[in-house]
Amino acid sequence: MKKPITPQALQSVDATLHARYSDRLRQFGHDPRTLGWDTRENQWQRFGLAAGSLDFKGRSVLEIGCGLADFYSYLQEDPERTPASYTGFDINEDLITACCEAHRQATFEVRNVLVDTPPKESWDIVTLFGVLNFRFEEFNNQDFVRRMIETAFGLCREAVAVDMLSTICEPTYPKEDFVYYYDPLDMLNFALSLTPHVQLRHDQGSIPQREFLLILRKTPWTP
């Protein structure tokens, strides 16, 4: 039986993930492979689904688990989706140092949103990309994902965008033991317990596994 989520358990997980990504950063540098992506094209496809579902132009954006701030780089490629400000949180100080060197106009902070003192500010849009994919042995993934989404929703003024690997798997891609697959209907029901204004996107191609995107809004979507 897995233990409940405690600060000690989260810190243990943080130490494992810190080592994983610091080692990869030393090996690959600022490259999609550092964060577990095979190609920039697949990484950009993930970001494109979010950018096609939310208006980022002129918004303040917080990315929880920002990695190397590649989403910020993606947004800046097009003036029609460039945010007014970008803040990135990550548990790995090596990644945050790399972010600060690459994006001096943005704000970065080493922070675990489930452990550290909550920030006093809020942001228009909060994103979590690839943060929830690991299968944890220390505690239950379902408990973790719910706490992460609920925390993110409390930090946003407009919307949260979060992606997860789907239990409706890509048949040509083998399942992996170290990742966690979420039932999209279970996650939809949880999102609806936080707000009635929820969008589930399960219509993109596999990249290379099948993912879905949940968008939780504070107010109804208007065209």
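Start by selecting the lining of the largest cavity: S166, C169, E170, Y173, K175, Y181, Q209 and R210. These residues divide into 3 nonpolar, 2 polar and 3 charged (Ala, Val, Leu, Ile, Met, Phe, Trp, Tyr, Cys and Pro count as nonpolar, Asp, Glu, Lys and Arg as charged, the others, Gly among them, as polar). A cavity here is a set of points on a 1 Å grid over the protein atoms alone where a 1.4 Å probe fits but cannot get out, and lining residues have an atom within 4 Å of a point. The volume is about 40 Å³, meaning the space filled by probe spheres set on points joined across faces, edges and corners. Searching the whole structure turns up 1 cavity of 30 Å³ or more.

A word on the model: it is predicted, so local features need pLDDT of at least 70 and side-chain atom pairs pLDDT 80 or more, while totals for chains, interfaces and linings use all residues. Numbering runs from 1 along each chain as its sequence is written, and side-chain values use heavy atoms, without hydrogens or water.

Next, show the open sheet: 7 strands in the order β3-β2-β1-β4-β5-β7-β6, with mixed pairing. Strands are DSSP E runs of at least two residues, helices H or I runs of at least four, numbered from the N terminus; pairing takes at least two DSSP bridges. Color β3 (107-110) and β6 (198-201): each edge strand has a single partner, so one side of each lacks a neighbour in the sheet.

Now zoom in on β1 (60-64) and β4 (123-128), which pair in the parallel sense over 3 bridges. Pick L62, and its bridge partner in β4 is V126.

Last stop: helix α6 (184-194) packs on the sheet, touching β5 (156-165), β6 and β7 (211-217), with contact meaning heavy atoms within 4.5 Å.

Conventions:
On a 1 Å grid over the protein atoms alone, a cavity is a set of points where a 1.4 Å probe fits but cannot get out, and a pocket is an open set with protein on both sides within 12 Å along at least five of seven lines; lining residues have an atom within 4 Å of a point. Axes are lines fitted to C-alpha atoms, for helices over the stretch in contact, and angles run from 0 to 180 degrees between N-to-C directions.
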